[in-house]
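Subject: Structure handover

Dear colleague,

I am handing over the structure that we talked about, and you will find it just below. Please look through it once on your own, and then read on for what was found in it.

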Amino acid sequence: MSSTKHVAVIGGGILGVSTAVHLLRQGASVTLLTEQGLASEATGRSLSWLNSAGERSTPYHQLRVAGVDRYRTLFAADPNREWLQFGGGLMWNAAGQGEVTEARHAYEKSIGYDSKLLAPEEIASVTPGIDSAAIPENAIFNPGEGWVSLPDLVNFLMEEFHALGGRLVLNAGKASVMVDDGRATGVETAGGETYPADAVLVACGAGTPAVVKPLGVEIPNGSPVSMLVVTKPVEHQVTAVMNTPRAAVRPNPGNTFALDHDWYEEQITEHADGSFTIPDDVVQELADESSKLIAGNPELKPASWKIGYKPIPGDGEPVFGELGQVPGCFVAFTHSGATLGLIAGELLSDEILSGEKHPMLATFRPGRFS
Ligand SMILES: Cc1cc2nc3c(=O)[nH]c(=O)nc-3n(C[C@H](O)[C@H](O)[C@H](O)COP(=O)(O)OP(=O)(O)OC[C@H]3O[C@@H](n4cnc5c(N)ncnc54)[C@H](O)[C@@H]3O)c2cc1C
């Protein structure tokens, strides 16, 4: 860069924070603005299973594998971080669906994704702490997968953000992109403060389509409402992330578990003020379902549960890159933002500063909806 480029990032979730830190590492001057606090939305209530399991488009798979690779590098620097671990992933389907599991395993093997098809009695030899009686027929173990606690990762990255001189604006309200002569020129907070910039990144999670709409840009929003439960501490040996018919479970720092699923989505009520509630007994039912998966079936007590939108673009694929209609304005909006958090920040920061488009993002451009 001939002169310091100033970038304003809207959104204090993992995508905004990661991109901001990658920009700072390359010498940019960065202002990160967010509506309330950091990790206040999806990033603060994510299962954050790091994976590319199952079947999806080849470019999306390749990006996710690169995403897991960046976490591997971070993990290797300090394997003792309680908030980033690689204990593998374990999945199984409901009774009568053993052939579906076999087909998934065959597909994963065909693309070189590490995948082991196991009978229930073989589980203990690959991963500890599981109640194999919960597995009706067979299960897949993916040894290369892991999990991260995103609020801890955000705290970790923000130390570097501050050390590199980033400027953080909390409680900015619903900020908007300033445009002059068709080009993004900065960000305006809900209170009317303005932050001029050479480039703007909109990384507003499920709020991204609403932020770009006034710019004349349509990005379909398929974000469902979801819930993440964190349990009270409990003694256990589990290291793998489990995806099962009635509960998804991952270890969480402090001997707790993070739990989610989708069978209870219809029991979530959205209120006029934008808040959500769910009956307490539904939360306990998820904890009880999760307990059945863990050796010794320990009683799981919900300590907290958070409900809100899970960011998913309308066509399910990530949306990354500059808006054709508004040069200088970039977006980052994706499902699986935990897995992609580090790689997306890396590739987007390169694009924002160099102007060169990365080939791995070619099929994810916002222009595909135009
Ligand atoms: C229950 C659940 C389970 C998940 N499981 C997984 C998983 O297993 N693996 C995986 O890879 N991913 C998973 N995800 C997805 C992943 O957590 C998200 O993709 C990721 O956290 C999104 O980060 P983000 O930065 O895009 O958005 P968010 O974390 O939602 O952050 C967006 C930020 O922008 C702010 N904002 C919005 N609008 C404005 C505005 N106008 N002005 C200022 N600020 C604004 C918000 O307040 C928020 O702080 C899961 C998500 C959920 C909810």
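The C-alpha centres of domain 1 and domain 2 lie 30 Å apart, and please keep in mind from the start that this is a predicted model. Domain 1 is made of the stretches 6–44, 150–220 and 314–369, while domain 2 is made of 85–146 and 223–309. Where the two domains touch, five residues come from domain 1 and five residues from domain 2. On the side of domain 1 that touches domain 2, two of the residues are nonpolar, one is polar and two are charged.

Let me now turn to how the helices pack. Two packed helices are described by the angle between their axes and the distance between the axes, and I use both below.

H1 packs with H7, the two axes being 8 Å apart and the angle about 40°. H1 and H7 are therefore oblique to each other, and their crossing is right-handed. The residues of H1 in this contact are Ile14, Leu15, Ser18, Thr19, Val21, His22 and Leu23, and among those that H7 brings are Gly337, Ala338, Gly341, Leu342 and Ile352. The contact of H1 with H7 has ten nonpolar, seven polar and one charged residues.

H1 also packs with helix H4 (residues 150–163), where the axes come within 10 Å and cross at roughly 25°. Because of that angle, H1 counts as roughly parallel to H4, and H1 passes H4 in a left-handed crossing. From H1, the residues Ile14, Val17, Ser18, Ala20, Val21 and Leu24 meet a set in H4 that includes Leu150, Leu153, Val154, Leu157 and Phe161. By class, the contact of H1 with H4 divides into eleven nonpolar residues, one polar and one charged.

H7, in turn, meets helix H2 (residues 58–77), and here the axes come within 7 Å and cross at roughly 95°. With such an angle, H2 is roughly perpendicular to H7. On the H2 side, the residues in this contact are Leu63, Arg64, Ala66, Gly67, Val68, Arg70 and Tyr71, and they meet Thr339, Leu340, Leu342, Ile343 and Glu346 in H7. The contact of H2 with H7 is made up of seven nonpolar, two polar and three charged residues.

Note on methods
Residues numbered from 1 in each chain as written. Predicted model: local features only at pLDDT ≥ 70, side-chain atom pairs only at ≥ 80, totals over all residues. Axes fitted to C-alpha atoms, helices over the stretch in contact; angles between N-to-C directions. Helix = DSSP H or I, 4+ residues; strand = E, 2+ residues; numbered from the N terminus. Parallel < 35°, antiparallel > 145°, perpendicular 65-115°, else oblique. Left-handed = near helix turned anticlockwise from the far one by under 90°. Contact = placed C-beta atoms within 7 Å. Nonpolar A, V, L, I, M, F, W, Y, C, P; charged D, E, K, R; others polar. Domains from an automatic or database assignment.
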